[in-house]
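Here is a brief report on one protein model.

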Amino acid sequence: MNILLVHAHPESRSLNGALKEFTVQRLQSAGHLVQVSDLYAMQWKAAVDAEDSTQRLFTTRFDVAIESKHAFKNGFQSVDIAREQEKLLWADAVILQFPLWWYSMPAILKGWIERVYAFGFAYGVGEHSDTHWGDRFGEGTLAGKRAMLIVTAGGWESHYGPRGINGPIHDMLYPIQHGILFYPGFDVMPPYVVYRAGSTDERRFTHICDELGQRLDTLFSADPIAFRPQNKGDYNIPALTLRDDILPGQAGLSIHVADREY
Ligand code: FAD
């Protein structure tokens with residue numbers, strides 16, 4: 001299978017750098033083809049701006065979505081954006097690997113999403129009607145592919161537990177896993193999270209590689225997170241609220257996961 005690893009860490013001799021090397025070797029030795037987008041090494045341009053299009057539709061006022069749509073549709077995107085989209089289309093699975101910085105992904109990776117996820121590619125796809133609100137949340141350009149996060153965090157596992165001060169890790173990662181990955185169609189695998197990353201030594205690194213290796217070995221066979229598809233009947237359209245008879249009276253992020261086990 002084809003796997004794209006998008007890596008966001010500025011130092012190759014970091015824990016994340018070591019986990020990247022391990023991940024690539026493990027996947028390749030299992031027979032997969034791997035491409036790596038090492039964003040710092042590529043000097044990836046993180047900020048969306050008017051230079052992202054080689055031929056603007058309007059030059060008086062820069063509208064991000066309109067120019068993104070025009071550039072994507074007509075082949076006017078800058079080369080770096082188009083190249084990353086080709087990698088996404090090539091991949092059967094995409095892994096985003098990063099240290100948790102300020103409760104989210106590093107800015108360079110957020111900028112990769114913002115620029116590569118063009119209008120017509122990752123959003124603005126499909127028709128809107130009384131029963132179908134665009135091809136998104138389970139449908140879309142990237143449907144049929146798998147995605148997974150590999151994240152390192154300084155905090156302890158308990159800090160990210162059900163009553164931890166940071167909030168549960170799945171709530172924290174919800175905007176990425178549901179909003180960025182499930183939205184354009186990916187089946188999202190449970191994340192692999194390294195807690196207390198700063199206390200890693202050689203012995204612990206070996207244990208981390210054992211665990212991560214098992215997750216990589218089952219990337220295409222394990223069950224994805226059971227996020228509810230938007231257009232298959234669970235949601236009222238166009239309000240996009242979960243139907244009243246499903247988990248009546250309940251709210252919060254976990255209602256959007258069908259088995260709620262995760
Ligand atoms: P490194 O610092 O490179 O390494 C961590 C440890 O692993 C070191 O002890 C190192 O010696 C060891 N190590 C590295 N490579 C190997 C190897 N090959 N074998 C054995 N041991 C090795 N944490 C949170 O929980 N929540 C936050 O919101 C958060 N925000 C942050 C914001 C910023 C700006 C920064 C800088 C940090 C933040 N952190 C946060 C902490 C951050 O998540 C961790 O620093 C990061 O995950 C560690 O990953 P790293 O690759 O940089 O590790």
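This is a predicted model. Ala18 sits in helix α1, which covers residues 15–29. Ser158 is 140 residues from Ala18 along the chain. The C-alpha atoms of the two are separated by 25 Å.

**Helix pair**

Two packed helices are described by the angle between their axes and the distance between the axes. The axes of α1 and α6 (residues 202–217) come within 10 Å and cross at roughly 40°. That angle makes α1 oblique to α6. The crossing of α1 past α6 is right-handed. Ala18 is one of the residues that make this contact. The table lists the contributors from each helix.

| Helix | Residues in the contact |
|---|---|
| α1 | Ala18, Leu19, Phe22, Thr23, Arg26, Leu27 |
| α6 | Phe205, Cys209, Leu212, Gly213, Leu216 |

By class, the α1 contact with α6 holds eight nonpolar, two polar and one charged residues.

**Whole fold**

The protein has six helices and eight strands. Their order along the sequence is β-α-β-α-α-β-α-β-α-β-β-α-β-β. The C-alpha trace spans about 55 × 50 × 35 Å along its principal axes. Buried residues account for 31% of the 262. Of the contacts between residues at least 6 apart in sequence, 75% join residues at least 24 apart.

Key
Residues are numbered from 1 along each chain as its sequence is written. This is a predicted model: local features need pLDDT of at least 70, side-chain atom pairs count only at pLDDT 80 or more; totals for chains, interfaces and linings use all residues. Helices (H or I, at least four residues) and strands (E, at least two) are DSSP runs, numbered from the N terminus. A residue is buried if 20 or more other C-beta atoms lie within 10 Å of its own, exposed if 12 or fewer, and partly exposed in between; C-beta atoms are placed from the backbone. Two residues are in contact if their C-beta atoms, placed from the backbone, lie within 7 Å. Axes are lines fitted to C-alpha atoms, for helices over the stretch in contact, and angles run from 0 to 180 degrees between N-to-C directions. Angles under 35 degrees count as roughly parallel, over 145 as roughly antiparallel, 65 to 115 as roughly perpendicular and the rest as oblique. A crossing is left-handed if the near helix is turned anticlockwise from the far one by less than a right angle, and right-handed if clockwise. Ala, Val, Leu, Ile, Met, Phe, Trp, Tyr, Cys and Pro count as nonpolar, Asp, Glu, Lys and Arg as charged, and the others, Gly among them, as polar.
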